[in-house]
Amino acid sequence: MEREARSGARPSPPVPTRLREENEAGPGRQTARMRRVERNILALAQVCGAPLGLNRREFLETSCGLAAAFIALNAVFGPLFAVEAAEAADPDVSAARSLRLADQLVFDVQTHFVSPTFSSPGMLALREAAKHWNPDLRGDATLEDVRFESYFREVFLESDTALAVLSNAPSDEPGGWFLTNEEALAARATIEKRVGSRRLQAHAVFTPGRPGWLEDLERCIALRPDGWKGYTVGSPFAASRWPWRLDDEKLVYPAYERMVKAGITTVAIHKGLLPSGYRTSMADTWEYGNVDDVPRAARDWPQIRFVIYHSAIRSGGIPPAEDRRIFEETGYIPWVSDLARIPEKHGVTNVYAELGSVFAATAVSDPRYCAGILGTLVQGLGEDRVVWGTDSVWYGSPRWQIDAFRRLEIPGDLQGKFGYRPLGPADGPLKGKILAGNAAAVYPFAADALRGDRLQSLREAHGARKP
């Protein structure tokens, strides 16, 4: 404690204990239960760190500290995360677990960074909020923290992520795009050159209704993106002049024709994850974020895989209390359940759910609700159509998210009440499919090429340089 005080360092939990949405100011929201989790984590850090000669901050930066966080979550929310007390007390035990899972493939299909020319500080709000729980994020956040080098370090060197898809977002203002499509696809080549294999795939954003949008799509086809990304709300954080529907025959179907002809048939669609105050700030566009346009488009275009990003969770951040109450009574989760019911109701098999942000926000604010989301998606869409994503690099390294997913299990009472199947062990078949197997069907890659590349040696060199 004395060394901790002298350093002036504030101990930071290794998992989030408060959440802030993209357009929110301040340090983020924290429920009473999240405050209890934070207190429990800091108490465990003192108890478990002292015998190891570590102050609380030092302890929380270790794998033992991460295990302690899941013990603290279980103490508040119930035993949802598979973790043993010995993992928090004995570095050899936590290291043995990490080693056992080291070869498990992780394919993150939603990652981000911003262009060197991107100048809006708005996305830094998430990095500032993340400093409350990620000890690696120190000092004032700058745009360099969300540019390429930080992205490569935090996603590929400081987590178990083996493959990733670089995604993007449009804006009504030209300078508001995270990246141009050309920049996103160039990053794919940069990482391939750096590591020696195609570890990164990339979307091209398509923007129905905007001037020249079909011509832009044709230009992107020539660059051979690995898939497409669209925002039916027009722009993710504010009102847009160009919202659209997936099932608009006149406007959008000509784009599908071009995609199918080009053989680029994965279409990722941002749905849900609406910002706080969306009924006012996006009064005329927010309803384009629901999934009522998915069934007809999927039925009319069976050649296309429609991957619904964020699993269409209606709101970002901490789930509203009323939504959690309704779920516990009925199993219904706004927009997520609507998405999961599409295959049975409409007879389609080409609709997928992606977990970016929806998993991160709910795993730490209400892991029962998080488990219910996973159970609902697997039950409705099928075990082959749920894919892993983290929305990194906005929050720093996805390391904690990967560990949380590996440990999470659906409580027995929810399994019995709503018919959910268990998620199973960290290295079991279902979690393996969600973490990578299903994504491999959507974004094919050459597995053999990964085995001889330089990623592992880059990770080892990076680890040796870390203080």
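Helices (H or I, at least four residues) and strands (E, at least two) are DSSP runs, numbered from the N terminus. The expected span of a helix is 1.5 Å times one less than its number of residues. This is a predicted model: local features need pLDDT of at least 70, side-chain atom pairs count only at pLDDT 80 or more, and totals for chains, interfaces and linings use all residues. Residues are numbered from 1 along each chain as its sequence is written, and side-chain values use heavy atoms, with hydrogens and water left out.

**Helix H4**

- H4 runs over residues 63-77 and has 15 residues. From first C-alpha to last it reaches 21 Å, close to the 21 Å expected at 1.5 Å a residue.
- Among the buried residues of H4 are Cys-64, Leu-66, Phe-70, Leu-73, Asn-74, Val-76 and Phe-77.
- At the start of H4, a side-chain oxygen of Thr-62 comes to within 3.3 Å of the backbone nitrogen of Cys-64.

**Second largest pocket**

- A pocket is an open set of points on a 1 Å grid over the protein atoms alone, where a 1.4 Å probe fits, with protein on both sides within 12 Å along at least five of seven lines. Lining residues have an atom within 4 Å of a point.
- The second largest pocket holds about 410 Å³ of space.
- Its lining has 26 residues, and Pro-174, Trp-177, Leu-179, Thr-180 and Asn-181 lie nearest the centre.
- Helix H9 (181-195) and helix H10 (213-223) each supply at least two residues of this lining. H10 gives the largest share, five residues.
- By type, the lining residues are 12 nonpolar, eight polar and six charged. Here Ala, Val, Leu, Ile, Met, Phe, Trp, Tyr, Cys and Pro count as nonpolar, Asp, Glu, Lys and Arg as charged, and the others, Gly among them, as polar.

- Most residues other than glycine have a negative phi.
- Ser-311 is not a glycine, yet has a positive phi of about 55°. It sits in the loop between strand E6 (305-309) and helix H14 (321-330). Ser-311 counts as buried because its relative accessibility is 0%.
- Trp-335 is not a glycine either, and has a positive phi of about 70°. Its loop lies between H14 and helix H15 (336-340). Trp-335 counts as buried because its relative accessibility is 9%.

Note on methods
Buried < 20%, exposed > 50% of the residue type's maximum accessible area, 1.4 Å probe, protein only. Polar contact = N/O pair within 3.5 Å; in protein donor to acceptor, adjacent residues only side chain to side chain. Points joined across faces, edges and corners; volume = space filled by probe spheres on them.
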